Amino acid sequence: MALATPTLTTTRLGLRPFAKTDTDAVFALQSNARILRYWDAPPWKDRAQAERFIVVCGQMEHEGTGARLAIERAADKVFIGWCSLARWDPVYRTAKLGYCLDETAWGKGFATEAAEAVLQWAFDALDLNRVQAETDTRNTASSRVLEKLGFVREGTLRDDCIVDGEVSDSWVYGLLRREWNYTAPPSRG
């Protein structure tokens, strides 16, 4: 069953399906070691990885397993990252939230704004009951984003990732539909 990737807008952002023309921007994002400091994989070394990323976005849509959206600033249409809803399970009504933003977009509320738009779409269109997210325990900025959105820290995955020989733990966060309806901040767009 296909799942159409939506186009969403907020006051400051546009979220849209990925296109082949995003390849260079995606590669620049995912090859930046500073951006991927707390990621579960090393920075990319080959532009072909960005090409594959965009192909996988289309596969997610075609297979109905999720949606990954490019994030642009509304004012100038500059690509600043992505936000995704993956591992959608319509039987259990669950999915997993993820996001990655360029360091020029950090600290401006863009991650929260983009994730809020994706969550609102997901709870409305997919009738989700639960959304899960994970973040490296050292990534306090990402933890703040999730907590602003109403996610609750549910546990720690010890020694969850080993990237370039460095072992790290992850926190697991969960957001239930009833909590979203209660804690969701006002819509921005």
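The model is a predicted one, in which local features need pLDDT of at least 70 and side-chain atom pairs count only at pLDDT 80 or more, while totals for chains, interfaces and linings use all residues. Residues are numbered from 1 along each chain as its sequence is written, and side-chain values use heavy atoms, with hydrogens and water left out.

Strand 3 (residues 67-73) runs antiparallel to strand 4, joined to it by six bridges. Alanine 67 has leucine 85 as its bridge partner, and alanine 70 stands opposite tryptophan 82. These two strands make a hairpin with five residues between them, where lysine 77 in the turn has a positive phi of about 60 degrees. On to strand 5: seven bridges join it to strand 4, again antiparallel, and aspartate 89 is partnered by threonine 94. This hairpin has four residues between its strands, and arginine 93 in the turn has a positive phi of about 55 degrees.

Tryptophan 82 turns up again among the aromatics. Ring pairs link Trp82 with Phe18, Trp39, Trp44, Phe53 and Phe79 into a cluster; rings of Phe, Tyr and Trp (its six-membered ring) pair if their centres lie within 6.5 Å. The charged end of arginine 68 also sits over the ring of tryptophan 82, 5.4 Å from its centre (NZ of Lys or CZ of Arg within 6 Å of the ring centre and within 35 degrees of the ring normal).

Then there is the largest pocket, lined by 46 residues, with Trp39, Tyr99, Cys100, Glu134 and Ser142 nearest its centre. A pocket is an open set of points on a 1 Å grid over the protein atoms alone, where a 1.4 Å probe fits, with protein on both sides within 12 Å along at least five of seven lines; lining residues have an atom within 4 Å of a point. Strand 4 and strand 5 (94-101) are among the elements that each supply at least two residues of this lining.

Note on methods:
Rings of Phe, Tyr and Trp (its six-membered ring) pair if their centres lie within 6.5 Å; planes under 30 degrees apart count as stacked, over 60 as edge-to-face and the rest as tilted. Two strands pair if DSSP finds at least two bridges between them.
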